[in-house]
Amino acid sequence: MTRLLRRTIDAGGRFSARLQTGDLMRIVDLKGQQAVDFLAYSAELPVDRYNAANTMKMNGSIYLGKDTKLYSERAQVLLTIVDDTVGRHDTIGGCCSLWSNVARYGVKDSHACHANFVAELACWSLSPADIVANVNFFMNVPVRADGAMAIEAGLSKPGDYVELRAEMPVIAVLSNCPQRNNPAAGFGPTPIEVILRQA
Ligand SMILES: [Zn+2]
């Protein structure tokens, strides 16, 4: 196993990388309760990108954990979660944005995951139109029997991590959520660490 990269991503920061088939990407929640918004694209055909509905249907769950696979729009496996110390990650909450922070909290001019995605996707010649419903690692969005859902306090503790294996060449993009108005980032965003390894 060769380490390709180890980087701390500041609270509210962003990151992306191209992974080859078999490469491992570990995301470490250094302080706990820190949501990490995540998108993935086929590196060879970026229009074939992470698809939340296919991922839920193929895994038979709205939550992600060890051994679940992230599926694309064309129902190809982009990545597999090969290790996970938390056991639950969100597929339905989407990313925070300037606009949703105004609508939900009356907060103007906030930094948000959507802007991070726009900036990071530009590095790969991808546009805002390439942003789709994303994965939220470490974010706790339970759905009740009556259908009620809410962002609740995160379950991750300091040092918890999730590790993904690329099942095809992928562009992985993440935003270390800057949200301060709900528990997604424990009301106080903190740094994460990304470790890339080659098998
Ligand atoms: Zn966010």
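The model is predicted, so local features need pLDDT of at least 70 and side-chain atom pairs count only at pLDDT 80 or more, while totals for chains, interfaces and linings use all residues. Residues are numbered from 1 along each chain as its sequence is written, and side-chain values use heavy atoms, with hydrogens and water left out.

**The zinc site**

- Let's start with the metal: Cys96 (SG), Cys113 (SG) and Cys177 (SG) coordinate the zinc ion at 2.2 Å.
- Donors here are N, O and S atoms within 2.8 Å of the metal (3.2 Å for Na, K and Ca), and water is not among the atoms, so sites may look incomplete.
- Along the chain, the zinc donors are spaced as C-x16-C-x63-C.
- A quick word on "buried": it means under 20% relative accessible area, with exposed being over 50% and partly exposed in between (1.4 Å probe, protein chains only).
- Cysteine 96 counts as buried because its relative accessible area is 9%.
- Cysteine 113 is buried too, at 0% relative accessibility.

**Proline 178**

- Look for proline 178 in the loop between strand E11 (170-176) and strand E12 (192-198).
- Proline 178 has a relative accessible area of 12%, so it counts as buried.
- Leaving aside residues up to four places away in sequence, proline 178 touches Gly12, Cys96, His111, Ala112, Cys113 and Pro189; a contact means heavy atoms within 4.5 Å.
- Between the C-alpha atoms of proline 178 and threonine 8 there are 15 Å, and the two are 170 residues apart along the chain.

**The six-stranded sheet**

- Strands of a sheet pair through backbone hydrogen bonds, either parallel or antiparallel.
- Here, six strands make an open sheet with antiparallel pairing, in the order E1-E12-E3-E10-E7-E6; two strands pair if DSSP finds at least two bridges between them.
- Strand E1 (2-9) and strand E6 (69-71) are the edge strands, each pairing on one side only.
- From one strand to the next, the twist averages 20°; axes are lines fitted to C-alpha atoms, for helices over the stretch in contact, and angles run from 0 to 180 degrees between N-to-C directions.
- E6 runs antiparallel to strand E7 (residues 77-84), and three bridges join them; tyrosine 71 stands opposite valine 77 in E7.
- E10 is mostly covered, with six of its seven residues buried.
- Strand E3 (residues 24-29) is joined to E10 by six bridges and runs antiparallel to it; isoleucine 27 has valine 162 in E10 as its bridge partner.
- E7 also pairs with E10, in the antiparallel sense over five bridges, and isoleucine 81 stands opposite leucine 164 in E10.

- In E11, seven of its seven residues are buried.
- Both faces of E11 are covered, with Val170, Ala172, Leu174 and Asn176 on one side and Ile171, Val173 and Ser175 on the other.
- Strand E2 (residues 14-19) runs antiparallel to E11 with six bridges, and arginine 18 has isoleucine 171 in E11 as its bridge partner.
- Strand E4 (residues 36-42) pairs with E11 in the antiparallel sense over seven bridges, and tyrosine 41 stands opposite isoleucine 171 in E11.

**Positive phi values**

- Most residues other than glycine have a negative phi, and most peptide bonds are trans.
- Aspartate 67 has a positive phi, near 80°, and its place is in the loop between strand E5 (63-64) and E6.
- Aspartate 67 counts as exposed because its relative accessibility is 52%.
- Phenylalanine 138 has a positive phi as well, near 70°, and is found in the loop between strand E9 (135-137) and strand E10 (160-166).
- Phenylalanine 138 is at 2% relative accessibility, so it counts as buried.

**Charges over rings**

- Arginine 26 has its charged end over the ring of tyrosine 161, 3.9 Å from the ring's centre; a charge sits over a ring if NZ of Lys or CZ of Arg is within 6 Å of the ring centre and within 35 degrees of the ring normal.
- Arginine 88 has its charged end over the ring of tyrosine 63, 3.9 Å from the ring's centre.

Note on methods. Helices (H or I, at least four residues) and strands (E, at least two) are DSSP runs, numbered from the N terminus.
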